[in-house]
Amino acid sequence: MKIKFWGVRGSIATPGASTVRYGGNTTCIEVRSDTNDLIILDAGTGIFPLALTLFPELPLTCHLFITHTHWDHIQGLPFFIPNFIPGNTLKIHGAYDPIARRDIREILTGQLQYCYFPVREAELKARLEYVTLRERQTITAGSATVSNILMNHPVLNFGYRIECNGKSVFFTGDHEQLYNIYEPGDAEYAEYDMFMNQKNQAIVDFIRGVDVLIADTSYTLEDYPAKKGWGHSTFDANIALARQAGVKTIFFTHHEPTRSDDALEQVLQQALARQPRQPEDPQFLLAREGLVYEL
Amino acid sequence: MGHSKKKLIQLVDGMPAFPPSVYHILKLTADINCAPKELVRVIDLDPVLTMKLLQLVNSPYFGLSRQIGSIRQAVVFVGINTIKNLALTIAPMEMLSRDNLNTPFLEGLLSHAIAVGVVARHLARRGGVSELESTDFFVAGLLHDFGKIALHRFFPRKHAKALALAAKKGIPLHEAERQILNLDHSQIGAMLADKWQLPPACMASMGQHHRWKNRENFLALDCVYAANIIAKTIGVGDSGNPVTETTLPHEIEQRLGGTLPELIGTLGDLSGEMHKVQLLLHSWNANGTTHPQPPTEPL
């Protein structure tokens, strides 16, 4: 299995001199199975440069998994060029939106309304198939399987685990480490803690032993207090998660849009310095646009 | 109302209590930084709202892999923001959906009520009312015709007659109600609002939304008065009243800063907002969580 990062920026695309090394496109990850099946995680602006590389493979079948439908994870989808060419198939998977009561098709075709985009869904030439997922539903994508678990973000967000030939990768999508909404003196504190532990354990068990964990790591410990509840994790929380789940490599991604390349490297070093290296530690790496990693 | 006033008061007394959680939730969620535990506390105090939230969280919409048994557990598993938005969307409809809304008249009335709530909130925001306060305008609009639901439920045949009379003669429904029932929906609405101890502006909206003279001076009442006419003019829902005014009283135009066509011109597309509210109510009613009560005719 092979992965390639096409978009590693959180929230909004940030082109410019200060982000040129790690990249300014929003979330998009290409995953190839051992039989070269194409799996794409999220359709942020990074899906456009990915699409430009696909012409030699046409016609193709692409398995797209959307973690959640916030803009930075879907904004590139209308520009996924294979959609305009007959013979291609795009299988789109994602969660239901229980607040507005829309399935993944309704949400994404909303993005193709005439006021937002000149081409309507009905005018696309590729075959589009939509699958609204339930939690822990497993999908077969060529020689790989993709299963999911609900993470913690302000909208339903699935983390995806992809397995192929004994290798595995997990992507959190957007995720904030759980926190207790009660104070230690509150009567409800202990009960809430118990529920949190159950959920945390479920997430750790789901991720356990993956070769690669790709985790939303928007914030530093200093950033976090002002951004608690926004649905993103810190370096320190993800270092802990990677250790608990016994992963081999963790890529920190969803870089905070105002963070320059230099600052990004600096905050990782600061976080690692706070967490002395332990024997079974994974590799700690920053996700970078264009980076290819073979499992 | 004559000799039947006593009976009427008994009937009003027999109406279900207005859930205080509704107001608390609207107030809390208007603040983006509201403490999650406060929200959970308010929901916890309302067993019906708790049940509905859990029903939704455990529904196929969420597709969860495990059963959720409490609001606190729901917050952990689907996130405080999702619970907050779910509560925010369903809380104001509590009162309406706890009622039996399964006749064609009540279906149309519900769409009308939602439209008036959404438009009243729009007019309030436009007039510089804060987000926190604008929810009061939404609730005032949503509940302004609640007296019709009460009349329709207490006196289904007579109220149907009043609806038919208004339609046949082209007279305002409240006039037809007075002719047939000897009282109109704003009178019973005011009594209900009093029983529920709703805020004064909301009480005025339920009791005085057809009056623009000799009435209390509330911006919410102006907004609901105008929103009522706007909803009828743009043709959303059916209030059962065949008469639609074509202009607004000059005083209201001045206070709201526009004539009827001008105010309609500021609406933009509110259909999404209305549709969302409607969908939610329908799915609830389909879930069988309403509490129909037998009619109580004759008075």
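Guide: A crossover is right-handed if, with the strands pointing away from the viewer, the path from the first strand over the helix to the second runs clockwise. The model shown here is predicted.

Visitor: Which elements of chain A make a right-handed β-α-β unit?

Guide: Strand 5, helix 3 (residues 104-110) and strand 6 of chain A make that unit. The path from strand 5 over helix 3 to strand 6 of chain A therefore runs clockwise in that view.

Visitor: What makes strand 5 and strand 6 of chain A a pair?

Guide: A pair needs at least two bridges. Strand 5 (residues 89-94) and strand 6 (residues 127-132) of chain A have six bridges, in the parallel sense, so they count as paired. At one bridge, the partner of T89(A) is R127(A).

Visitor: Why is strand 6 of chain A called an edge strand?

Guide: Strand 6 of chain A pairs on one side only, as does strand 14 (292-294) of chain A. The open sheet has seven strands in the order 6-5-4-3-2-1-14, with mixed pairing. Its twist averages 20° from one strand to the next.

Visitor: How do you know that strand 1 and strand 2 of chain A pair?

Guide: Five bridges join strand 1 (residues 2-7) to strand 2 (residues 28-32) of chain A, and the two run antiparallel. The cut-off is at least two bridges, so this is a pair. K2(A) stands opposite R32(A) in strand 2 of chain A.

Visitor: Which strands form the open sheet with the order 7-8-9-10-11-12-13, and what packs on it?

Guide: Seven strands of chain A form that sheet, again with mixed pairing. Helix 4 of chain A packs on the sheet, touching strands 8, 9, 10 (167-171) and 11 (212-216) of chain A. The direction of helix 4 makes about 170° with that of strand 8 of chain A.

Visitor: What does helix 4 of chain A give to the side that touches chain B?

Guide: 25 residues of chain A are in contact with 24 residues of chain B. Helix 4 (residues 189-207) of chain A supplies five residues, the largest share of the chain A side. That side has 15 nonpolar, three polar and seven charged residues.

Visitor: Why is helix 15 of chain B called mostly covered?

Guide: A residue is buried if 20 or more other C-beta atoms lie within 10 Å of its own. In helix 15 (residues 219-233) of chain B, 13 of the 15 residues are buried, so the helix is mostly covered.

Terms used
Residues numbered from 1 in each chain as written. Chains lettered and ligands numbered in written order. Predicted model: local features only at pLDDT ≥ 70, side-chain atom pairs only at ≥ 80, totals over all residues. Contact = placed C-beta atoms within 7 Å. Helix = DSSP H or I, 4+ residues; strand = E, 2+ residues; numbered from the N terminus. Nonpolar A, V, L, I, M, F, W, Y, C, P; charged D, E, K, R; others polar. Expected span 1.5 Å × (residues − 1). Buried ≥ 20, exposed ≤ 12 C-beta atoms within 10 Å, placed from the backbone. Axes fitted to C-alpha atoms, helices over the stretch in contact; angles between N-to-C directions.
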